[in-house]
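Here is a short report on one chain. Please look over the sequence and the model before reading on.

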Amino acid sequence: MASICLPPKPGNCSGDDGNEAEEVSAVTVNDSFQRNGAYTDTTGSGRGSWKHAAFHVATTIATPAAYAPLPFAVSSLGWPLGVLSLVGATLTTWYSSLLIASLWEWDGKKHTTYRRLARSIYGNWGYWSIAFFQQVASLGNNIAIQIAAGSSLKAVYKYYHEEGSLTLQHFIIFFGVFELVLSQLPNIHSLRWLNAVCTFSTIGFAATTIGVTIYNGKKIDRRTVSYSLPGSSSAKMFKAFNGLGIIAFSFGDAMLPEIQSSVREPMKKTMYKGIAAAYTIIVLSYWQLAFFGYWAFGSEVEPFIVASLKTPEWTTVMANLFAVIQICGCFQIYCRPTYAFFEEKMKKASSEQSGGTRVPLKKHVIIRLVCTSFYMAVITLVAAAMPFFGDFVSICGAIGFTPLDFVFPVLAHLKAGKLPKNSTPILLFNILIATWFSAVAVMGCIGAVNFIIDDINTYSFFHDI
């Protein structure tokens, strides 16, 4: 949430206004209040271990909404390009995550958010560029995963009440109300136990879904499964573009500096271990589900793999419950930058009106409630009105996550001058990554917009899919 600036200590943290000040960010570290409502935690550093970092990173990236559409993405590209794209994206984001972690205190100052890290390297235009991409990623991701959570809750409901009258929109609203309650927790560190549960739910979802996918694949007459790419040449092209956007979304993590700020010293080594542990989970779950899902159902696989699973029904219920639990934590990770941005503006205005005094605890709580309520109302409305899961996944991946997770890290590393001497191959490799994934962003956006237009023409608003 918002960042509260304390009396200056030069060279410690980078503040939003460009001045150097020690800063306690409610996005990243623990909030402590005295009886008069003032903050007492003034260290600007976190307390989490590498395990907590792994929980946060895994929860942010490896969500059911991220890897459930991977078989569909591979089917959109076909076996050769699908495998190459998925493996390449995995290794590239692992590499870029390590680059971002290595930039912690690159200039001797702590940059506790992605935006401030960008400002330290590129100036104000870097700050506002990252702010834009981060908001697109945050909003798009949370719309997509709220649709996924609503779909999973509806599937569980229909299992027990086949003739029930509740629609997808009801469950999207139920999930939105629950997330509004969780949004009153002060910061990411306060979510550590929820994210630990969510990480185990990720493993549970992956294991259940992979197992049931293989089971269903063996039950299907393999002669009826086709791996061809149907449609005209233009349709294949748009579908391939859409698939690239989905893969980019599946590796989205626009919060690495915020997560790194929540861990204890030495922050770089702690974060390196957390990233390695998180990506071990990601590789074991992503690749198996993507490849087995496409093998089992071929080009007929659904955008949300669980919808393709038929038997045994109780296992699909279990997979859907795992999905909802995991999405609860992921949603919170991604809404925090938006909360922080708007709370900060409201608190600044309130402080100026009261002559520069600190915001009292009661007023702080009210500001938080107003910001979180407005955010949840907007996200829930859009998700309920246009429940097109695959489309939001693709456009969010193309416009939001590709710049943040593929392009910016390698360019920032070059700009910060962190390359060793005589490192021409690494320089060319980084430039190649930035160039290719900039093209992926454009292609993914084109494919996603094409599918959104088709779905709007096919379905009415608030359609119960």
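Is C198 buried or exposed? C198 counts as buried, because its relative accessibility is 0%. Keep in mind that this is a predicted model.

## Overall make-up

The chain holds 15 helices and 2 strands. It has 465 residues, and 57% of them count as buried.

## Cysteines

A disulfide here requires two cysteine sulfur atoms within 2.5 Å. By this rule the count is 0 disulfides. C198 takes part in none; its nearest cysteine sulfur belongs to C328 and lies 6.5 Å away.

C396 is another case. Its closest cysteine sulfur is in C330, at 10.0 Å, so the two are too far apart for a bond. C396 has a relative accessible area of 2% and is therefore buried.

## Helix α3, an enclosed segment

Helix α3 covers residues 70–77. Why is α3 described as largely enclosed by the rest of the structure? Because 8 of its 8 residues are buried. These are L70, P71, F72, A73, V74, S75, S76 and L77.

What covers the buried residues of α3? The cover includes α2 (64–67), α4, α9 (233–250) and α11. Just after α3 comes G78, with a positive phi of about 90°.

## Helices α4 and α11

Helix α4 spans residues 79–102 and helix α11 spans residues 267–297. Their axes come within 10 Å and cross at roughly 170°. Angles over 145 degrees count as roughly antiparallel, so α4 is roughly antiparallel to α11.

Which residue classes make up the contact of α4 with α11? It has 19 nonpolar, 4 polar and 1 charged.

## Helices α14 and α15

Helix α14 runs over residues 389–415, and helix α15 over residues 424–458. The axes come within 8 Å, with a crossing angle of roughly 165°. That angle makes α14 roughly antiparallel to α15. The crossing of α14 past α15 is left-handed.

The contact of α14 with α15 contains 19 nonpolar residues, along with 6 polar and 2 charged ones.

Notes
Residues are numbered from 1 along each chain as its sequence is written. This is a predicted model: local features need pLDDT of at least 70, side-chain atom pairs count only at pLDDT 80 or more; totals for chains, interfaces and linings use all residues. Side-chain values use heavy atoms; hydrogens and water are left out. Buried means under 20% relative accessible area, exposed over 50%, partly exposed in between (1.4 Å probe, protein chains only). Axes are lines fitted to C-alpha atoms, for helices over the stretch in contact, and angles run from 0 to 180 degrees between N-to-C directions. Helices (H or I, at least four residues) and strands (E, at least two) are DSSP runs, numbered from the N terminus. Angles under 35 degrees count as roughly parallel, over 145 as roughly antiparallel, 65 to 115 as roughly perpendicular and the rest as oblique. Ala, Val, Leu, Ile, Met, Phe, Trp, Tyr, Cys and Pro count as nonpolar, Asp, Glu, Lys and Arg as charged, and the others, Gly among them, as polar. A crossing is left-handed if the near helix is turned anticlockwise from the far one by less than a right angle, and right-handed if clockwise. Contact means heavy atoms within 4.5 Å.
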